[in-house]
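Work through the exercises below with the sequence and the model at hand. Each task is followed by a stepwise solution.

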Amino acid sequence: MTLSIVIPTFEAGATLAQTLVSLGDACEVLVVDGGSHDDTVLIAGRAGVRVLHTQKGRGCQLAAGATNARGDWLLFLHADTCLERDWKAAVTSFIEDPSNTAKAAVFRFQLDHGSAEARRLEAIVDWRVRRLGLPYGDQGLLIHRDFYHSIGGFRPIPIMEDVDLVLRIGRSRLEILPIAARTSAKRWMERGWVLRSAQNIFCLILYFVGVPTRLISRVYH
């Protein structure tokens, strides 16, 4: 079994290096850049990982990464997310089980902030994932290539591409690995814990009632 890690980037110079360091060098890493003007591509090049250039849009970038990746298994990861030290053991255990070729897995959500607000948000996300089967992309996504393609893969939409895919996976075919994916809390710090979380929930509601993703992306940004 071989593993490819796909990381979509856009102006990710502030976080990408730390993310790549957390991954080590045991598998293929493919950075899919959507036209960054900062040092994102330079950082990826210095780290010795593959770089693919596409149009901006996480759905398009993830889909292109999956197409160009060489591994039997695909791990999609955000550029501001670092995995805990023992992530390889947890991933290996999952992919070596033949029954998991028709399942997917995500990591536990964790923020790189020591506040009580961060801990409360982590608890809410844990409940949402366990009860509703709705992880977001900042928890990563581990999936076999064949299963990924059988359910249609990532669609080239500007936002909600992660929810769109996990809904097709289904809660019964989704597992939570005992490893944290530690994500930057910058977005919550800039907008405020309550406002940012409310914005995320509002965008999710808009998606479920059928609002086009191009309009939802305007609300999100």
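Buried means under 20% relative accessible area, exposed over 50%, and partly exposed in between (1.4 Å probe, protein chains only). The model is predicted: local features need pLDDT of at least 70, side-chain atom pairs count only at pLDDT 80 or more, and totals for chains, interfaces and linings use all residues. Residues are numbered from 1 along each chain as its sequence is written, and side-chain values use heavy atoms, with hydrogens and water left out.

**Exercise 1. Classify T213 as buried or exposed, and list what it touches.**

Step 1. T213 lies in helix α10 (residues 213–220); helices (H or I, at least four residues) and strands (E, at least two) are DSSP runs, numbered from the N terminus.
Step 2. The relative accessibility of T213 is 14%, so T213 counts as buried.
Step 3. Leaving aside residues up to four places away in sequence, T213 touches I157, P158, I159 and Y207, where contact means heavy atoms within 4.5 Å.

**Exercise 2. State how many residues of α7 are buried and what covers them.**

Step 1. Of the nine residues of helix α7 (residues 161–169), eight are buried.
Step 2. These are E161, D162, V163, D164, L165, V166, R168 and I169.
Step 3. Their cover includes α3 (58–68), β6, β7 (141–144), α6 (145–150), β8 and α9.
Step 4. G170 follows α7 and has a positive phi, near 90 degrees.

**Exercise 3. Describe the salt bridges R70–E28, E175–K103 and R119–E122.**

Step 1. A salt bridge is a side-chain nitrogen of Lys or Arg within 4 Å of a carboxyl oxygen of Asp or Glu. The structure holds 10 of them.
Step 2. In the bridge between R70 and E28, the closest N and O atoms are 3.5 Å apart. This pair links distant parts of the chain, with R70 in the loop between α3 and β4 (73–76) and E28 in strand β2 (residues 28–33), 42 residues apart. R70 is exposed at 63% relative accessibility, whereas E28 is buried at 16%.
Step 3. For E175 and K103, the closest N and O atoms are 3.4 Å apart. E175 lies in strand β8 and K103 in the loop between α4 (87–95) and β6, so the pair ties together parts 72 residues apart in sequence.
Step 4. R119 and E122 have their closest N and O atoms 2.6 Å apart. Both lie in helix α5, three residues apart, about one turn of the helix.
Step 5. Salt bridges with shared partners join E28, R50 and R70 into one network.
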